[in-house]
Amino acid sequence: MTALRLVPAFLLSACVTVTPSGKLGAKETTVGAFRSVDVSSGIEATVGPGPAAVKIEADVAVLPYVVVKVTPTGVLEVGIDSQGVAFINTGTVKATITGPT
């Protein structure tokens, strides 16, 4: 008789490991109107006057996981989507945020 082994479902779920490449990249995002800013820990942020926009500078391997969004209540959120992702090291992530004064 063959033994049946059950594998817990969480072991079957995909987990991506992200290792920095050593190459810096940038992405700019135009955002809607916002009234306040919430930046996740580990992200260096600079805020100044200008058109509503966000420029993110980070390792090109980490850049796709940086999320920028404005909530329905007008909060500009900048963070890293780490759901299902294991980061070896994100390196420095910088956000330059501009908006009307």
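**Confidence first**

Colour this predicted model by pLDDT. The protein averages 86, and 86% of its residues reach 70 or more. Now compare the elements: the highest mean pLDDT, 97, belongs to S5, and the lowest, 44, to helix H1 (residues 9-12).

Where pLDDT is low, predicted coordinates should not be read in detail. Move on to the strands.

**The four-strand sheet**

Select S2, S5, S9 and S4. They form an open sheet in the order S2-S5-S9-S4, and the pairing is mixed. Which strands stand at the edges? They are S2 (24-30) and S4 (43-49); each has a single partner strand, so one side of each lacks a neighbour in the sheet. From one strand to the next, the twist averages 15°.

Zoom in on S2 and S5. The two run antiparallel and are joined by 7 bridges. Pick Glu28: its bridge partner in S5 is Lys55. Then pick Gly25, which stands opposite Ala58 in S5.

Step across to S9. S5 and S9 also run antiparallel, here with 5 bridges. Show Glu57 and you will find Lys94 as its bridge partner in S9.

**The three-strand sheet**

Next, select S3, S7 and S6. This open sheet has 3 strands in the order S3-S7-S6, again with mixed pairing. S3 (36-39) and S6 are the edge strands; each has a single partner, so one side of each is left without a neighbour in the sheet.

Look at S6 against S7. Their pairing is antiparallel over 5 bridges. Val70 stands opposite Leu76 in S7.

Stay in the loop between S6 and S7, where Thr71 is found. Is Thr71 buried or exposed? With a relative accessible area of 16%, Thr71 counts as buried, because the cut-off for buried is under 20%. Show side chains here: Thr71 makes a polar contact with the side chain of Thr73 at 3.0 Å.

**The nonpolar core**

Now show the nonpolar side chains. The largest nonpolar core has 17 residues. Select Val54, Ile56, Val68, Leu76, Val78 and Val93, the residues with the most contacts inside this core. Which elements give two or more residues to it? They are S5 (53-59), S6 (66-70), S7 (75-80) and S9 (93-99).

Centre on Ile56. Leaving out residues up to four places away in sequence, Ile56 touches Gly25, Ala26 and Lys27, then Leu63, Val66 and Val68, and also Val78, Val93, Lys94 and Ala95.

Follow the contact from Ile56 to Val78. Val78 lies in strand S7. Its relative accessibility is 2%, so Val78 counts as buried. What surrounds Val78, apart from its neighbours within four places in sequence? Its contacts include Asp38, Val39, Ser40 and Ile43. Val66, Val67 and Val68 are also among them, as are Ile56, Ala95 and Ile97.

Finish with a distance. Draw a line between the C-alpha atoms of Val78 and Ile97: the residues are 19 apart along the chain, and these atoms are separated by 9.6 Å.

Conventions
Residues numbered from 1 in each chain as written. Predicted model: local features only at pLDDT ≥ 70, side-chain atom pairs only at ≥ 80, totals over all residues. Heavy atoms only, no water. Core = buried A, V, L, I, M, F, W, Y, C linked by side-chain atoms within 4.5 Å. Buried < 20%, exposed > 50% of the residue type's maximum accessible area, 1.4 Å probe, protein only. Contact = heavy atoms within 4.5 Å. pLDDT = per-residue confidence, 0-100. Polar contact = N/O pair within 3.5 Å; in protein donor to acceptor, adjacent residues only side chain to side chain. Pairing = 2+ DSSP bridges. Axes fitted to C-alpha atoms, helices over the stretch in contact; angles between N-to-C directions.
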